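Hi,

Here is the structure I promised to pass on to you. Have a look at it first, and then read my notes below.

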Amino acid sequence: MLTSCTTEKPALAAAPSTSAASAHVPAELYDGLGARHATISPKFLYDALGSKLFEAICELPEYYPTRTEAGIFARYGREIARACGIGTTMIDLGAGNCAKAADLFPLLRPAQYVAVDISTEFVSDALARLRLRFPQIDMQALGLDFSSGLELPENVRAERRLFFYPGSSLGNFTPPEARVFLTRLRKSCGPDGGLLIGIDLAKDKATLDAAYDDALGVTAAFNLNVLRHVNQLLGSDFDIKQWRHVGFYNEAAGRVEMHLEAKQAQRVCWPGGGRDFAEGERIHTENSYKYRQADAIDLLEQSGFEATRVWTDPRCPFAVIHAQAIA
């Protein structure tokens with residue numbers, strides 16, 4: 001799943017509701033479902049119900065990223081604030097319920113907070129509550145699929161932009177895609193901008209397998225919910241009872257994978273088309289790449305950033321990195 005419990009949260013941005021779906025959404029889904037090996041982008045995991053299910057995942061004992069990253073912020077918060085500086089334009093990518101950013105407000109004291117998420121209704125509700133707690137901060141909600149573009153409106157301050165991308169949602173991109181995405185962020189930073197990012201580091205397979213296939217089945221429900229969302233967006237007729245969740249760490253590829261597997265042969269239809277799925281055939285719904293620390297820093301440098309500070313938890317490898325835009 002998108003590994004930020006800002007509901008990240010991803011990973012990518014959360015998916016739009018049916019009413020907000022842009023014209024390219026059906027085409028993107030048609031292309032993925034019609035591919036030789038069917039796929040659904042992880043951003044479509046995040047309708048309103050998917051966002052709530054991901055919040056529940058973040059509370060699971062198996063799901064280490066949330067508590068590990070939170071521990072880093074709690075332990076090193078003052079150091080992080082000194083590295084980032086106060087009075088920034090804090091742009092929270094995949095903000096969801098905005099909880100991670102809000103925990104840092106007392107230390108970072110941003111001049112403006114911009115919550116970016118495709119699930120506009122979800123993030124707008126979160127901002128309404130936050131404005132009561134932090135009336136001194138200018139807050140803006142921005143409905144945007146930042147996985148495919150990052151055009152910021154004029155009401156977003158250009159000065160001292162700090163992109164906030166916690167939870168290791170960067171792992172949802174392949175490394176080449178991550179480089180393109182980070183390069184895009186660098187261009188939007190301006191000469192005095194920076195990035196505060198969480199990156200999950202490589203660890204043992206047993207820990208990763210459990211994190212993405214928990215005993216209670218919450219992750220399974222989260223993954224299966226994407227079929228309900230696709231039915232809403234496309235008018236398709238996926239029968240959720242005929243699919244099962246599969247999540248595991250692919251050691252050769254260095255990534256966790258999530259799939260939906262057909263329990264039996266079936267045909268799924270949508271307006272103007274459809275597809276036959278064989279028993280055991282899978283739809284690939286998400287990757288979550290895990291990095292070595294040196295590789296993560298190298299990726300940032302290739303994208304136009306210089307890592308100024310790295311904070312880690314050695315018990316459960318995870319990194320929070322502040323990177324400055326290179327002039």
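R275 touches L33, G34, A35, R36, A38, Q266, R267, V268, W270 and E281, leaving aside residues up to four places away in sequence. Please keep in mind that this is a predicted model. You will find R275 in strand β9, which covers residues 273–277.

Is R275 buried or exposed? Its relative accessible area is 13%, and the cut-off for buried is under 20%, so R275 counts as buried.

The side chains of R275 and E281 are joined by a polar contact of 2.9 Å. On L33, the backbone oxygen lies 2.6 Å from a polar atom of the R275 side chain.

Next, the sheet. Strands of a sheet pair through backbone hydrogen bonds, either parallel or antiparallel. Here, three strands make an open sheet in the order β6-β7-β10, with antiparallel pairing. The edges are β6 (243–250) and β10 (282–289); each has a single partner strand, so one side of each has no neighbour in the sheet. On average, neighbouring strands of this sheet are turned by 15 degrees against each other, ignoring direction.

How many bridges join β6 to β7? There are eight, and β7 spans residues 255–262.

Finally, look for helix α8 (residues 218–234), which lies across β6, β7 and β10 and runs at about 60 degrees to β7.

Enjoy exploring!

Best wishes

Definitions and conventions:
Residues are numbered from 1 along each chain as its sequence is written. This is a predicted model: local features need pLDDT of at least 70, side-chain atom pairs count only at pLDDT 80 or more; totals for chains, interfaces and linings use all residues. Side-chain values use heavy atoms; hydrogens and water are left out. Helices (H or I, at least four residues) and strands (E, at least two) are DSSP runs, numbered from the N terminus. Buried means under 20% relative accessible area, exposed over 50%, partly exposed in between (1.4 Å probe, protein chains only). A polar contact is a pair of N or O atoms within 3.5 Å; within protein, one must be able to donate a hydrogen and the other to accept it, and residues adjacent in sequence count only if both atoms are side-chain atoms. Contact means heavy atoms within 4.5 Å. Two strands pair if DSSP finds at least two bridges between them. Axes are lines fitted to C-alpha atoms, for helices over the stretch in contact, and angles run from 0 to 180 degrees between N-to-C directions.
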